[in-house]
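Work through the exercises below with the model open. Try each task before you read its solution.

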Amino acid sequence: MVTSFHIPRLVIAAPSSGSGKTTVATGLMAAFSERGLAVSPHKAGPDYIDPGYHALATGRPGRNLDAFMCGPDLVAPLFAHGAAGCDLAVVEGVMGLYDGAAGRGELASTAQVAKLLRAPVVLVVDASSQSRSVAALVHGFASFDPQVRLGGVILNKVGSDRHEVMLREALEEAGMPVLGVLRRAPQVATPSRHLGLVPVAERHTDALASVSALAAQVRAGCDLDALMALARTAPPLECEAWSPHRPEAASPAFEAPGSEGGLAAGGAAPVIAVAGGAAFTFSYAEHTELLTAAGAEVVTFDPLRDEVLPPGTAGLVIGGGFPEMYAPELSANEPLRAAVAAFAAAGGPVAAECAGLLYLGRSLDGKPMCGVLDADARMSERLTLGYREAVAVSDSALARAGTRLRGHEFHRTVIEPGAGAAPAWGFTHPERRVEGFVQQGVHASYLHTHWAAEPSVARRFTEAAAARR
């Protein structure tokens, strides 16, 4: 049922990557949270790392809004699900404001998300190498798409008082409100490496200090009252909030409870163990919610520290992360590697994405891994990055052959061979190739997917786990 959903909201965008979106968005989330507001954090695009900082700033799960993987029609419902009961929602954009999926126009861009949410946009501009030209830049972004409502600018990396005066004068001429001015502040920089920022789970204490410093910087440099007033100008959204218990409302392909192969009512919940800890930090909150709604008991374990799988494990989910940074430690945990190998050998359902794929292989950078797959992985110089359209090639515990999903790849590793005798996916765009492994109960692939786009995979996987009890 369509309802009117009204929550103050802002989209934090920029002309390009590296302008300071994460600094500003995370700082705003933390600063408003310190005021006692319930702030709902969101990230446009597929990125897993920024939402970890958002969660630290707000105390709520960071959630992604990806119009490519989930489709434009799910953006508002997923937003409404995450933001329910909150006083304010802050959405951090991806890349430049108008950058989206390659060759697909506005699809998956921050601008498209802002329009789908009917949300005002705040443009974060790196002003370090310009003065009056900032007005021309902002004017171009404000006028490029009349449906995108640019409500103001936050100037980042401003060098001096004089520099600030020149920037403000130029933007006043252009009629664009300046909602904040941030000076260069290297002390709040967040460390990064080959795939972006270092995840929160790897530096929790330092990350807390970084978020606190970002909040202080934003509080001192931004007009929080004006930003809140702008957020309140967002009109009501007319949509039904997505629910893991009723995903069929937005996803007709969902396999409703009671369908053939459905989890029997009243049975004990199968335990699905989900890898976590510093090496496996990539996950979408909706995955756990869908598994739980499908009847599973979700239990987290840490492959770096736990020597056994959780008691009663009937299904195993090993998502993305940075196993390459922890290959010696993962390899040293021989008892858990043996437990994972035994579980897979017995036909237990395993869903592995990217880092999970590497962990299931024979070796990673020469260090022994679980040996479930006859494949070896290593770091490379080449970054593999991009959206993919995929079709399931082989029947598995995760998906029936022929199931279509959109996902993304994001890694600097290679695994050889890249596909098994029964591949997981066939990519149909932007290139045609097969990828991944299906064997016994294992589905392992580089492809990251968002299960809200195809909730039947969570139910199918839970049913496969229930059958193991």
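A cavity is a set of points, on a 1 Å grid over the protein atoms alone, where a 1.4 Å probe fits but cannot get out; a pocket is an open set with protein on both sides within 12 Å along at least five of seven lines; lining residues have an atom within 4 Å of a point. Grid points are joined across faces, edges and corners, and a volume is the space filled by probe spheres set on the points.

The model is predicted: local features need pLDDT of at least 70, side-chain atom pairs count only at pLDDT 80 or more, and totals for chains, interfaces and linings use all residues. Residues are numbered from 1 along each chain as its sequence is written, and side-chain values use heavy atoms, with hydrogens and water left out.

**Exercise 1. Describe the largest cavity and its lining.**

Step 1. Count. The structure holds two cavities of 30 Å³ or more.

Step 2. Size. The largest cavity has about 60 Å³ of space.

Step 3. List the lining. The residues are Ala351, Ala352, Glu353, Leu398, Trp425, His443, Ser445, Leu447, Thr449 and Trp451.

Step 4. Sort by class. Ala, Val, Leu, Ile, Met, Phe, Trp, Tyr, Cys and Pro count as nonpolar, Asp, Glu, Lys and Arg as charged, and the others, Gly among them, as polar. The lining then has six nonpolar, three polar and one charged residues.

Step 5. Find the elements. Helices (H or I, at least four residues) and strands (E, at least two) are DSSP runs, numbered from the N terminus. β15 (350–353) and β23 (442–445) each supply at least two lining residues. β15 gives the most, with three.

**Exercise 2. Is helix α2 (residues 49–58) largely enclosed or open, and what does it line?**

Step 1. Buried means under 20% relative accessible area, exposed over 50%, partly exposed in between (1.4 Å probe, protein chains only).

Step 2. Count. Seven of the ten residues of α2 are buried, so the helix is largely enclosed by the rest of the structure.

Step 3. Name them. They are Ile49, Asp50, Pro51, Tyr53, His54, Ala57 and Thr58.

Step 4. Look just past the helix. Gly59 takes a positive phi of about 75 degrees.

Step 5. Turn to the second largest pocket. About 800 Å³ of space lies in it. Its lining has 36 residues, and Phe280, Thr281, Phe282, Ser283 and Tyr284 lie nearest its centre. α2 supplies the largest share, five residues. By class, the lining has 22 nonpolar, 13 polar and one charged.

**Exercise 3. Which strands pair with β6 (residues 121–126)?**

Step 1. Check its cover. Five of the six residues of β6 are buried.

Step 2. Take one partner. β2 (residues 9–13) pairs with β6 in the parallel sense over three bridges. Ile12 stands opposite Val122 in β6.

Step 3. Take another. β7 (residues 150–158) runs parallel to β6, joined by six bridges. Val122 stands opposite Gly152 in β7.

Terms used. Pairing = 2+ DSSP bridges.
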